[in-house]
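Work through the following exercises with the model open beside you, and try each task before reading its solution.

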Amino acid sequence: MNDKNIAEKSATSKSMAAKSMSGASILWECLEREGVTSVFGYPGGAILPAYDALRGSKIHHILVRHEQGATHMADGYARASGQVGVAVATSGPGATNMVTGIATAMLDSSPIVCITGQVGSKLIGSDAFQETDITGVTLPITKHNYLVTHASEVARTIREAFYVARSGRPGPVLVDITKDAQQTTCEFDWEAAKPQLPGYRPDLSPEPKEYEQALELIHHSKRPVILAGHGIIISGAMNEVREFAERTGIPVALTLLGLGAFPASHPLNLGMMGMHGEAWVNHTIQEADLLLAFGMRFDDRVTGNLKTYASNAKKIHIEIDPAEINKNVKVDVPLVGDLREVLHELLPKVESIDRSEWLDSIDKLKGDAAVRDIQNLPDSGHLYAAHVINDLWRQTRDGDTVVVTDVGQHQMWEAQYYKHEKARSLITSGGLGTMGFALPAAIGVKVARPEAEVWVVVGDGGFQMTLCELATIVQEKLKIHIAIINNGFLGMVRQWQEFFYERNYAATPLLNPDFAKLGEAYGIRSMTVTERSQVVPAVQAARQHDGPVLINFRVEQEDTVYPMVAAGASLHEMIRRPSTIVETAADE
Amino acid sequence: MLNTYVVYVENKPGVLTRVASLFRRRAFNIDSLTVGRTEKPEVSRMTITVDADYDQARRIEANLYKLVNVLLVENITDQPSIVRDLAMIKVAATHEARSHVLELASVFRARVVDVAPESLTIEITGAEDKIDGLLEVLRPYGVLEMVRTGIVAMRRGKSSPAGSTTGPDEGVAEEDVSHSV
């Protein structure tokens, strides 16, 4: 409903400013005013009044097949667009099914608002049918949550929920609305329902002295590295980071969620750091004398053993969340604030310094990495996941392509072999590592950016966790391409068993259905690829097809992601891919 | 070391759970937590003591601030402050022991709030170590039951930024009776 309509309608009511509406109608009205055009949901008893009121709304509702899917879709929507994603579910099991998706959004700072129905306010605490204390359940995995028991609280709560979700360090907010709060009516006045959050302060900025300290460290460093994280994308600081790197001549290493924040093809881009980062990237970090952490949180997957992590380096941490400062890594200068604003302060003051010596020495660190690269190994006739992903990249690199991955080996190969040039072109579950994320998240991506080419890269394990959403894709007529990297194993777990559990492949082999037949059963054009020569034709066929396509890539079963820093090992202690050429050479 | 925080929160349902849940979630062990009203009806005040080192203490403060309903956090550990605990101690007091117990209570400036044929109930307010001191000397008589409120704390001198406290600053340090009296 637009402002004009409201004005016309309210003119006939007693009050000029307010008009009487049900809590359910207020909910949709507020969502519209917050800019929501699509929501992902699943109806049920306690949320039925809201669904009944949906017909009066312009919002498009996407019917999911499982509430976990709704949360991942909202998450994918948020990550692809930077806007708040919305998921809707009923009370009890509907709400608890959302838990995994909420935790996923929490750990990756993704702004979503989850609306759940709740039993009538008089029934709360009585163990009524489908009653769950969902605000209690989600307390530690939401940025904030609300229980709404009166229609008069709906408007302010929704406004606050959106504000909290998207401001500062973004995150999920859950709003639990009792059935009677949806059904009863009250005066609706948008203006009067302004957020009242006296204790919430998302806008922090560093002290002038801290800027000076940071500049001094930058100008005195000989071997600096920028650690580029997800915060760059959230803050929209891609141009500022690039300008900073170019002006200072400082190379950039990226976290998994940072991929795309700095162009892969840029000469100062080193690549991904951490557990499956390239060897030279990790060596560079270990040899650095200054780390500039931009919107990243020193997760254990990027630091390895903290005792030996970049032990000769000073650390500058630019981070919006003060609780991240000194959490894992003790830093010398914290700059707490929005990354983009902080870089705007720093940029005019940084000096250009010749770093060619340092950059040359990093080049030497690359050493035999190219020889070990699977792309350069002789063709054994096997189909490797890395080949599939690299071919996919070559085919789709020039377009507006978004790759949505699941979690596991294929995710790491994607990070290594798909070269991301743009922010929000890779959507993946980093912090929580949620299998089953990719397929529903891709739906959210496609809804947010219908013009983008969306590829799901998913393992055969994770695919089966949320494959019910294939029906959602078909029902919504979404052109999404699904590449199943099918190795018949829970590959990453198998890899850990290979390295650390004496190849005891307990509970990792998978007996899978014929995924192509499965896709066809949903009405999705499907094919199976078993040889490298078929990869490019399959990708081309998928791109040309007017509708969703599923490709079942049957890849090498016991392939391994290299390099690997074992959990708890030092960052420079990597397990490298054996190479026929370098096997005899002294290894790090 | 033991850190003492004064935390002002919105007086809303569930806020205590959010604060307590934060400590559980981040694996910090609460030593004591008290909560009550303030001079403003919409604001509640908590005094929380936690065993934490310097970095942990700073992170606790930052994490408390992340809670949307938290208005102000002060770590008053190193600030001049008044810290009080209240205890009620039911002590066995037979006819012959009664006068000794009463004498001890008076030395500690504690009050007898209930008298029964076989016991006395003593109320004492003060710093924690003062209460520990009374407890120590009463123990030989037989402590039948005890309850303590946990500490409440307030900075000396000027009012805190969140508290629009009434009256002039009280510059004079209040007498502290320690158990070494």
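The exercises below go from one chain to the other, and each task is followed by its worked solution.

The model is predicted, so local features need pLDDT of at least 70 and side-chain atom pairs count only at pLDDT 80 or more, while totals for chains, interfaces and linings use all residues. Residues are numbered from 1 along each chain as its sequence is written, and chains are lettered from A and ligands numbered from 1 in the order in which they are written.

**Exercise 1. The make-up of chain B**

Task: State how many helices and strands chain B has, and in which pattern they follow one another.

Solution: Helices (H or I, at least four residues) and strands (E, at least two) are DSSP runs, numbered from the N terminus. On this basis chain B has four helices and nine strands, and along the sequence they follow the pattern β-α-β-β-α-β-β-α-β-β-α-β-β. As a next step, the domain assignment, whose bounds come from an automatic or database source, gives domain 1 (2–75) and domain 2 (82–148) in chain B. The C-alpha centres of domain 1 and domain 2 of chain B are 31 Å apart. Finally, of the 181 residues in chain B, 29% are buried, where buried means that 20 or more other C-beta atoms lie within 10 Å of the residue's own, exposed means 12 or fewer, and partly exposed is in between, with C-beta atoms placed from the backbone.

**Exercise 2. A sheet in chain B and the helices on it**

Task: Give the order of the four strands in the open sheet of chain B, and find which strands stand at its edges.

Solution: Two strands pair if DSSP finds at least two bridges between them. The order of the four strands is 2-3-1-4, with antiparallel pairing. Strand 2 (30–37) and strand 4 (70–75) of chain B each have a single partner strand, so they stand at the edges and one side of each is left without a neighbour in the sheet. Neighbouring strands of this sheet are turned by 15 degrees against each other on average, direction ignored; axes here are lines fitted to C-alpha atoms, for helices over the stretch in contact, and angles run from 0 to 180 degrees between N-to-C directions.

Now take one pair: strand 2 and strand 3 (residues 43–51) of chain B are joined in the antiparallel sense over seven bridges, and B:Ser32 has B:Thr49 in strand 3 as its bridge partner. Helix 1 (residues 15–25) of chain B packs on the sheet and touches strand 1 (2–10), strand 2 and strand 3, with its direction at about 150 degrees to that of strand 1. Helix 2 (residues 54–66) of chain B also packs on the sheet, touching strand 1, strand 3 and strand 4, and its direction makes about 165 degrees with that of strand 4.

**Exercise 3. Two packed helices in chain A**

Task: Describe how helix 12 and helix 15 of chain A cross, and name the residues that meet.

Solution: Two packed helices are described by the angle between their axes and the distance between the axes. The axes of helix 12 (residues 238–248) and helix 15 (residues 339–346) of chain A come within 9 Å and cross at roughly 35 degrees. The crossing of these helices is left-handed, a term used if the near helix is turned anticlockwise from the far one by less than a right angle, with right-handed used if clockwise. In contact terms (C-beta atoms, placed from the backbone, within 7 Å), A:Glu240, A:Val241 and A:Phe244 of helix 12 meet A:Arg340, A:Leu343, A:His344 and A:Leu346 of helix 15. These residues divide into four nonpolar, one polar and two charged, where Ala, Val, Leu, Ile, Met, Phe, Trp, Tyr, Cys and Pro count as nonpolar, Asp, Glu, Lys and Arg as charged, and the others, Gly among them, as polar.

**Exercise 4. A covered strand and a loop residue**

Task: Which residues of strand 14 of chain A are buried on each side, and is A:Asn312 buried or exposed?

Solution: Strand 14 (residues 333–336) of chain A has both faces covered, with A:Val333 and A:Leu335 buried on one side and A:Pro334 and A:Val336 buried on the other. Strand 13 (residues 314–319) of chain A runs parallel to strand 14 and is joined to it by four bridges, and A:His317 has A:Pro334 as its bridge partner. A:Asn312 is placed in the loop between helix 14 (300–303) and strand 13 of chain A. A:Asn312 is exposed, because 10 other C-beta atoms lie within 10 Å.
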